[in-house]
Amino acid sequence: VLCVHGGLSPELVVIDDFLKINRNQEIPYEGGFCHLMWSDPDADLDGWRPSPRGSGLLFGANVTNEFMVKNNLELICRAHQLVNEGYQYLFDKKLVTVWSAPNYCYRCGNVASILQLDENLNQSVVIFQAASKTDRAQLLDGSKPAYFL
């Protein structure tokens, strides 16, 4: 299982290429490091295309399949894209987007999720809602939840 923030890169063909990235820097606007952070899958695309977000790339099922075969992977897990249902599988369940910020920016109304893998890589998804206004207000008034006591 490969976990990345964004997606894949045409410049990073094998996982060992990731080790060559200098991560002690600002994320650049182009190149492999940028792609790992900001690229997104596109179910209607073959190959690569510039992202409409202005940074990163869009990539299709064929790119995902080639990368997975070359790197002997069963799953790519990523997070960079809002998913209203909390998670979304693409490309015959070879790629999953897991979104863990419920009601993003306090206005999107989305749920969030956590993907759990057991020792045999069996997957289960836990869905959760945003905290209520009352619960958020308690945190903002300086009181601490019981687990901090």
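Residues are numbered from 1 along each chain as its sequence is written, and side-chain values use heavy atoms, with hydrogens and water left out. Because the model is predicted, local features need pLDDT of at least 70 and side-chain atom pairs count only at pLDDT 80 or more, while totals for chains, interfaces and linings use all residues.

**The sheet**

Begin by selecting strands E1, E5, E7 and E6, which in that order make up an open sheet of four strands with mixed pairing; strands (E, at least two residues) and helices (H or I, at least four) are DSSP runs numbered from the N terminus, and two strands pair if DSSP finds at least two bridges between them. E1 and E6 stand at the edges with a single partner strand each, so one side of each has no neighbour in the sheet.

Next, select E7 (residues 95-98), which pairs with E6 in the antiparallel sense over four bridges. Along this pairing, Leu90 has Leu95 as its bridge partner in E7, and Gln88 stands opposite Thr97. E6 and E7 form a hairpin with four residues between them, and Phe91 in the turn has a positive phi of about 55°. Turning to E5, you will find that it runs parallel to E7 and is joined to it by three bridges, with Val96 as the bridge partner of Cys77.

Now show the side chains of E7: Leu95 and Thr97 point one way, Val96 and Val98 point the other way, and all are buried (under 20% relative accessible area, with exposed meaning over 50% and partly exposed in between, for a 1.4 Å probe and protein chains only).

**Two buried polar residues**

Select Asp42, in the loop between strand E2 (40-41) and strand E3 (48-50). Asp42 is buried, with a relative accessible area of 17%, and its side chain makes a polar contact with the side chain of Arg49 at 3.3 Å; such a contact is a pair of N or O atoms within 3.5 Å where, within protein, one must be able to donate a hydrogen and the other to accept it, and residues adjacent in sequence count only if both atoms are side-chain atoms. Not counting residues up to four places away in sequence, Asp42 touches Arg49, Leu58, Phe59, Gly60 and Phe91, contact meaning heavy atoms within 4.5 Å.

Move on to His80, in the loop between strand E5 (76-78) and strand E6 (87-90), which counts as buried at 12% relative accessibility. The His80 side chain makes a polar contact with that of Arg53 (3.4 Å), and the residues in contact with His80 beyond four places in sequence include His5, Trp38, Asp40 and Trp99.

**The aromatic rings**

A search of the whole structure finds four aromatic pairs, where rings of Phe, Tyr and Trp (its six-membered ring) pair if their centres lie within 6.5 Å, and planes under 30 degrees apart count as stacked, over 60 as edge-to-face and the rest as tilted. Select Phe18 and Phe67, a stacked pair at 6.2 Å centre to centre with 20° between the planes. This pair links distant parts of the chain, 49 residues apart, with Phe18 in the loop between strand E1 (2-3) and helix H1 (32-38) and Phe67 in helix H2 (residues 61-70). Both Phe18 and Phe67 are buried.

Finish with Trp99 and Tyr104, an edge-to-face pair at 5.0 Å centre to centre and 85° between the planes. Trp99 is buried at 10% relative accessible area, whereas Tyr104 is partly exposed at 36%.
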